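Please keep the sequence and the three-dimensional view at hand while reading.

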Amino acid sequence: MIDWRVDTEAPEPPSQQLVERCLDGIARGDLAPGDKLPSVRALAGLALVNHNTVARAYRELDLIGAVRGEGGRGVFVTEAGPQIARQRRAATTWSDFERALETALRAGHSIEDLSERVRTAESKRRPA
Amino acid sequence: MSETNDIARLRGVGVKLGRSEVLRGLELGLAPGELCVLLGRNGAGKTTLMRVLAGTLRAESGSVRVCGADPSRSAAARAAIGFVPSLPDLPPWMSLTTAARFARRCYPTWDDRRLWRAADALAVPRRGRISKLSRGQAAGVQLALALAARPRLLLLDEPFAGLDAVARDGLLSAFLTEVDLEDTATLVSTHDLDIAARIADRALLMDGGALREQAVGDAQLEHSAAALRALLTQTTPGPDGAAA
């Protein structure tokens with residue numbers, strides 16, 4: 001489930017937050033190629049923003065190729081969607097990771113400790 | 001947006017209540033497809049402006065046009081307006097169904113399917129007396145009636161005031177799902193800056209009886225609650241909150 005509700009105190013404008021939520025959902029696989037996104041009206045009600053803001057977010061996602069509007073049928077995740085979403089997320093993910101790494105090293109954790117943590121986290125994610 | 005497309009247009013509008021000048025030289029154009037939020041301190045004149053637009057208060061100077069006519073004189077202009085007052089103004093013995101029977105006759109564009117869909121989305125009982133409803137449901141009744149009229153100009157005066165957080169979000173969500181933005185100009189007055197930042201295409205700021213608009217550049221089409229708060233802080237409260 002994607003939590004669509006936007007935060008009006010955040011520095012990013014609401015439509016940009018919706019773009020990021022969609023890309024997160026696509027990158028994670030919650031939204032797969034061919035999946036239909038909520039209608040503009042429905043998403044307006046879920047995110048608590050107006051139609052024009054949702055339409056702006058969908059235009060942006062269409063522009064970068066992650067989704068495609070198909071006339072009156074709706075907006076769908078494209079085949080290339082997951083790759084595009086992951087690429088867009090990669091930059092943010094790495095900068096977040098590097099910042100966390102920096103903090104951890106400053107706090108005196110060893111590279112071995114951190115590697116062990118990464119391995120544990122990864123084995124927890126893998127289905128048994 | 002060109003002026004000729006405007007659904008509502010106010011030019012140099014002045015209103016005095018008693019000795020105080022509540023609106024002065026006010027200019028405003030509202031175009032179809034726009035959702036405008038009206039902000040201002042208590043007593044700044046928000047409700048007065050709403051009443052002038054709704055045609056329930058006549059401006060002393062300037063011109064007021066809604067769909068080309070003065071709503072304080074033209075029944076046709078009033079029939080193009082949906083108005084949700086800050087406090088429910090329907091007789092308490094009415095239910096949504098009985099209220100709709102009266103409202104249906106006033107609006108040539110009335111749409112029953114729209115009424116029941118909005119009522120369901122707003123979780124409003126069709127037959128319960130308004131006096132027996134919660135505050136949020138009573139607001140929902142007024143909103144469902146306003147939406148069913150398919151107005152060209154939709155005016156919501158503090159529709160979320162006094163509602164608890166759950167009722168507020170429910171009403172807001174149903175409003176955003178059900179409202180027809182395309183052909184309608186919508187004006188919502190509110191003190192709630194979170195709501196304002198969520199829904200505003202345009203943020204209008206009432207100060208000293210006139211309007212200021214937050215300049216919105218190409219890069220920044222949307223508003224943040226913090227930016228709106230900063231703007232509001234620069235304005236002065238009105239002389240008498242109760243009158244305006």
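Which residue in β4(B) is the bridge partner of B:Leu10? In this model, which is predicted rather than determined by experiment, the bridge partner of B:Leu10 is B:Val64 in β4(B).

**Sheets of chain B**

That pair belongs to the antiparallel pairing of strand β1 (residues 8-17) of chain B with β4(B), which are joined by five bridges. The two strands are part of an open sheet of three strands in chain B, arranged in the order β2-β1-β4 with antiparallel pairing. Since β2 (20-30) and β4 (61-66) of chain B stand at the edges and each has a single partner strand, one side of each is left without a neighbour in the sheet. Neighbouring strands of this sheet are, on average, turned by 25° against each other when direction is ignored.

How many of the five residues of β3(B) are buried? Five of the five are buried, and the strand is accordingly described as mostly covered. In a regular strand the side chains alternate between the two faces of the sheet. For β3(B), B:Leu35, B:Val37 and B:Leu39 lie on one side and B:Cys36 and B:Leu38 on the other, and both faces are covered, with all of these residues buried.

| Helix pair | Axis separation | Crossing angle |
|---|---|---|
| α3(B) (residues 96-106) and α5(B) (residues 135-148) | within 11 Å | roughly 35° |
| α1(A) (residues 14-28) and α4(A) | 8 Å | about 115° |

In chain B, α3(B) passes α5(B) in a right-handed crossing. The contact is made by B:Leu96, B:Ala99, B:Ala100 and B:Ala103 on the side of α3(B), and by B:Val141, B:Ala144 and B:Leu145 on the side of α5(B). These contact residues divide into seven nonpolar, no polar and no charged. The buried residues of α3(B) are B:Leu96, B:Thr97, B:Thr98, B:Ala99, B:Ala100 and B:Ala103, and they pack against α4 (112-121) as well as α5 of chain B.

In chain A, α1(A) passes α4(A) in a left-handed crossing. Here A:Gln16, A:Val19, A:Glu20, A:Leu23, A:Asp24, A:Ile26 and A:Ala27 of α1(A) meet A:Gly81, A:Pro82, A:Ala85, A:Arg86, A:Arg88 and A:Arg89 of α4(A). The residues of this contact divide into six nonpolar, two polar and five charged.

**Chain A as a whole**

Chain A has five helices and two strands, which follow the pattern α-α-α-β-β-α-α when read along the sequence. Its radius of gyration is 18 Å, well over the 14 Å that the globule rule gives for 128 residues, so chain A is more spread out than a compact globule. The C-alpha trace of chain A spans about 55 × 35 × 25 Å along its principal axes. Of the 128 residues in chain A, 34% are buried. Among the contacts in chain A with a separation of 6 or more, residues 24 or more positions apart account for 56%.

Is A:Thr78 buried or exposed? A:Thr78 counts as buried because its relative accessibility is 8%, which falls under the 20% limit for buried residues. A:Thr78 lies in the loop between β2 (74-77) and α4 (81-106) of chain A. When neighbours within four places in sequence are left aside, A:Thr78 is in contact with A:Pro33, A:Gly65, A:Ala66, A:Val67 and A:Arg68.

A:Thr120 lies in helix α5 (residues 111-125) of chain A, and with a relative accessible area of 34% A:Thr120 is partly exposed. The C-alpha atoms of A:Thr120 and A:Pro38 are separated by 36 Å, and the two residues are 82 residues apart along the chain.

Key. Residues are numbered from 1 along each chain as its sequence is written. Chains are lettered from A and ligands numbered from 1 in the order in which they are written. This is a predicted model: local features need pLDDT of at least 70, side-chain atom pairs count only at pLDDT 80 or more; totals for chains, interfaces and linings use all residues. Side-chain values use heavy atoms; hydrogens and water are left out. Two strands pair if DSSP finds at least two bridges between them. Helices (H or I, at least four residues) and strands (E, at least two) are DSSP runs, numbered from the N terminus. Axes are lines fitted to C-alpha atoms, for helices over the stretch in contact, and angles run from 0 to 180 degrees between N-to-C directions. A crossing is left-handed if the near helix is turned anticlockwise from the far one by less than a right angle, and right-handed if clockwise. Contact means heavy atoms within 4.5 Å. Ala, Val, Leu, Ile, Met, Phe, Trp, Tyr, Cys and Pro count as nonpolar, Asp, Glu, Lys and Arg as charged, and the others, Gly among them, as polar. Buried means under 20% relative accessible area, exposed over 50%, partly exposed in between (1.4 Å probe, protein chains only). The radius of gyration is taken over C-alpha atoms; the globule rule is 2.2 Å times the number of residues to the power 0.38.
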